[in-house]
Amino acid sequence: LKELGVCDADVTEAATIANSVRDDVLCKDPVAEKKTLFEKLGGAPSIDAAVDMFYDKVLQDERVNSFFKGTDMKKQHRMQKAFLTFAFGGPGSYSGKNMRKAHQTLLLRRRPSTRSLVGHP
């Protein structure tokens, strides 16, 4: 606009107006942009379903299910859901161990193949 000879005050006014309608023009939902990842993923029902599906698959997988032998799986589900809820910005707080400490004994007892944990043969 300046190159076209428009004065600074008019350029500023045009920029202000353009900024005020920017989200409408770009079809952005300002409420959705303020959502946490937890909310974007669908909240507690989605986290619950994902954790339940994950452990169902893990417990059926002969390559890794031995890691959970003797584990209280109800507690495991609860702790994993609490951790993911916290990590994704959901309500509440996580008071469990950090991941390194939580898995230290597990890794010392049974050294997993990283490939088996991520589903690669």
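## Fold summary and an aromatic cluster

The protein chain exposes about 9600 Å², and carbon and sulfur atoms supply 56% of that area (Shrake-Rupley method, 1.4 Å probe; for residues, only the protein chains shown count as cover). This is a predicted model, in which local features need pLDDT of at least 70 and side-chain atom pairs count only at pLDDT 80 or more, while totals for chains, interfaces and linings use all residues. Residues are numbered from 1 along each chain as its sequence is written, and side-chain values use heavy atoms, with hydrogens and water left out.

The protein chain has 7 helices and 0 strands (DSSP runs, numbered from the N terminus: helices are H or I of at least four residues, strands E of at least two). Of its 121 residues, 18% are buried (under 20% relative accessible area; exposed is over 50%, partly exposed in between; 1.4 Å probe, protein chains only).

The structure holds 2 aromatic pairs (ring centres of Phe, Tyr or the six-membered ring of Trp within 6.5 Å; planes under 30 degrees apart are stacked, over 60 edge-to-face, the rest tilted).

| Pair | Centre to centre | Angle of planes | Class |
|---|---|---|---|
| Phe54 and Tyr55 | 4.9 Å | 70° | edge-to-face |
| Tyr55 and Phe68 | 5.7 Å | 80° | edge-to-face |

Tyr55 lies in helix α4 (residues 43–60) and Phe68 in the loop between α4 and α5 (73–87), so their pair ties together parts 13 residues apart in sequence. Phe54, Tyr55 and Phe68 form one aromatic cluster.
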